[in-house]
Amino acid sequence: IGNNAVLIGNLPYYISTDIMRRLLPERFWSRMVLTFQKEMAERLTAKPSEKNPKLHGYLSVVARYFSRPEIKFFIPPDAFWPKPKVTSAVVLFEKSNRHFPEAEKEELFLKIVRQAFANRRKTVLNNLSLLFDKTPMERVLTSLQISPNERAEKIPVEDFLKMTDAFFGS
């Protein structure tokens, strides 16, 4: 297949999260056009600056790392038969070219993002203290101009990339 496959589909809503966790890191696709439940589409495309911070999470950071996700349009329930009880959305994912060259570094990035969102009520410092020593990590976050008291849902993908660079090999 190479890395130029275009995926088009209407994912089963009840397992779309699991499917996306597996599909996004894959290297064989260059573009995906997928239909989701509206709420899932909003989670996948959420940015940390949006009004509803609960939308921005692990999956939206990972989606923005591996692609440029964009909601193209919404589909009302009456466009389907049988008619679902939810609005759907078509999302375009264009593959990004911002991949770490080292597989281990990409694994660390995913681990950092997963751990940062492990407990939404905790700060990034407290969540990541399960991966790294707290005092040096606090210094690194401060040097990267990331508040150790920030919650993960307010941190953009670029800052998670900076964290990965800083902690890789340490």
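## Sheet and helix packing at a glance

Helix 1 (residues 16–23) lies across strand 1, strand 2 and strand 4 (88–95), running at about 170° to strand 2. Keep in mind that this is a predicted model. Those strands belong to an open sheet of four, ordered 1-2-4-3, with mixed pairing.

**The sheet**

- The edges are taken by strand 1 (5–10) and strand 3 (67–75); each has a single partner strand, so one side of each has no neighbour in the sheet.
- On average, neighbouring strands here are turned by 15° against each other, ignoring direction.
- Strand 1 pairs with strand 2 (residues 29–37) in the parallel sense, over six bridges.
- If you want a spot to look at, Ala 5 has Trp 29 in strand 2 as its bridge partner.

**Helix 3 on the sheet**

- Helix 3 (residues 58–66) lies across strand 2, strand 3 and strand 4.
- Its direction is at about 115° to strand 3.

**Helix 3 against helix 4**

- Two packed helices are described by the angle between their axes and the distance between those axes.
- For helix 3 and helix 4 (residues 103–116), that's an angle of about 150° with the axes 9 Å apart.
- Angles over 145 degrees count as roughly antiparallel, and helix 3 and helix 4 are therefore roughly antiparallel to each other.
- The crossing of helix 3 and helix 4 is right-handed.
- From helix 3, Tyr 58, Val 61, Val 62, Tyr 65 and Phe 66 meet Glu 106, Phe 109, Leu 110, Val 113 and Arg 114 of helix 4.
- Sorted by type, the residues of this contact come out as eight nonpolar, two charged and no polar.

Methods:
Residues numbered from 1 in each chain as written. Predicted model: local features only at pLDDT ≥ 70, side-chain atom pairs only at ≥ 80, totals over all residues. Heavy atoms only, no water. Pairing = 2+ DSSP bridges. Helix = DSSP H or I, 4+ residues; strand = E, 2+ residues; numbered from the N terminus. Axes fitted to C-alpha atoms, helices over the stretch in contact; angles between N-to-C directions. Contact = heavy atoms within 4.5 Å. Parallel < 35°, antiparallel > 145°, perpendicular 65-115°, else oblique. Left-handed = near helix turned anticlockwise from the far one by under 90°. Nonpolar A, V, L, I, M, F, W, Y, C, P; charged D, E, K, R; others polar.
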